[in-house]
Amino acid sequence: MVGHVDPMSQFIAGDYPELFGAILEPLGIELVRYDLDEGRFPDDLGECDGWICSPSRLSSYDPVGWLSDAEELLRRIIAVEAPYVGICFGHQLLAQALGGRVEKSPYGWGVGVRDYEVVARRPWMSTSRDTFAVIGSHQDQVVVMPSEAEPLFRSDYCPFGGFIVGDRAWTIQVHPEFTPELADHLLAGRIELIGAARVAEARASLYRPLDRHELAGWIARFFSMSAARSAR
């Protein structure tokens, strides 16, 4: 973990370990918690079969001491080709760690249910679908991808909405772990920050069908296929 759900909203579904556990544990993924923001790093990358980097309310470029250590951890993960999935901040932090750039988007806040296009297919994607809809909540986004990365997802407001590095690491800007109830509560408390019109539009979008469980299946299959590859 590199951050926490707003404490005022955690009564809905918990913090990130509970949110990710709700969609991944039924698919056979056992989560082990490391609080990087509190200095709790793994001693060895072999402690887990794969790694997920959570969202955060920080920016990847904030002057926070532990962020440089987190970037180094991600570079080590990539160097040894350990399986990795970066969600929102985890997407941005990997991009920055590998030489990309993250900035505040001129679009402003990307909130509510967002449509993303799949621009590169991978075997762990279970269907041939070309688009998906998942809740977004971000103002920062990747504006320059790392040189070794290939684009994976994009949207009309976020051209680098996900990327892949080799066969063992991929990222996504939006939040498959977010429920509509959680997003609605977060948005209700951020009207001054985001703007009333955009918040109203985002809250109205939360009634749309979501593909969050589809993406959870992609994450589970990615780790399963990575484990099978390592066992050969």
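Which residues of the largest nonpolar core touch the most other members?

A: The model is predicted. Its largest nonpolar core has 47 residues. Those that touch the most other members are Trp124, Phe132, Leu152, Phe153, Trp170, Ile172 and Trp218. The biggest share of this core comes from helix 8 (residues 212-231), which gives 7 residues. In soluble globular proteins, nonpolar side chains tend to be buried together.

Take Phe132 from that list. Not counting residues up to four places away in sequence, Phe132 touches Arg114, Asp115, Tyr116, Val118, Phe153, Ile172, Val174, Asp211, Leu215 and Trp218. Three of these partners, Phe153, Ile172 and Trp218, are also named among the core members that touch the most others. The contacts of Phe132 also include charged residues: Arg114, Asp115 and Asp211.

Now the helix pairs. Two packed helices are described by the angle between their axes and the distance between the axes. Start with helix 3 (residues 65-79) and helix 4 (residues 89-97). Their axes lie 9 Å apart, and the packing angle is about 80°. Helix 3 and helix 4 are therefore roughly perpendicular to each other. Helix 3 brings Leu67, Ala70, Glu71, Leu74, Arg75 and Ile78 to the contact. Helix 4 brings Phe89, Leu93, Leu94, Gln96 and Ala97. By class, 8 of the contact residues are nonpolar, 1 is polar and 2 are charged.

Is helix 4 mostly covered or mostly uncovered? Mostly covered: 9 of its 9 residues are buried. They are Phe89, Gly90, His91, Gln92, Leu93, Leu94, Ala95, Gln96 and Ala97. Just after helix 4, Gly99 takes a positive phi of about 100°.

Leu98 sits in the loop between helix 4 and strand 3 (101-104). Leu98 is buried too, because its relative accessible area is 15%, under the 20% cut-off. Leaving aside neighbours within four places in sequence, Leu98 contacts Arg75, Ile78, Pro146, Glu148 and Val165. Two of these partners, Arg75 and Ile78, also belong to the helix 3 side of the contact with helix 4.

The crossing is left-handed. Asp184, Leu187 and Ala188 of helix 5 meet Val199, Ala202 and Arg203 of helix 7. These contact residues divide into 4 nonpolar, no polar and 2 charged.

For contrast, look at Arg33, in the loop between helix 2 (16-24) and strand 1 (51-53). Arg33 is partly exposed, with a relative accessible area of 45%. Apart from neighbours within four places in sequence, Arg33 contacts Met1, His4 and Pro17. The C-alpha atoms of Arg33 and Phe20 are separated by 11 Å, and the two residues are 13 apart along the chain.

How values were computed. Residues numbered from 1 in each chain as written. Predicted model: local features only at pLDDT ≥ 70, side-chain atom pairs only at ≥ 80, totals over all residues. Heavy atoms only, no water. Left-handed = near helix turned anticlockwise from the far one by under 90°. Helix = DSSP H or I, 4+ residues; strand = E, 2+ residues; numbered from the N terminus. Contact = heavy atoms within 4.5 Å. Core = buried A, V, L, I, M, F, W, Y, C linked by side-chain atoms within 4.5 Å. Buried < 20%, exposed > 50% of the residue type's maximum accessible area, 1.4 Å probe, protein only. Axes fitted to C-alpha atoms, helices over the stretch in contact; angles between N-to-C directions. Parallel < 35°, antiparallel > 145°, perpendicular 65-115°, else oblique.
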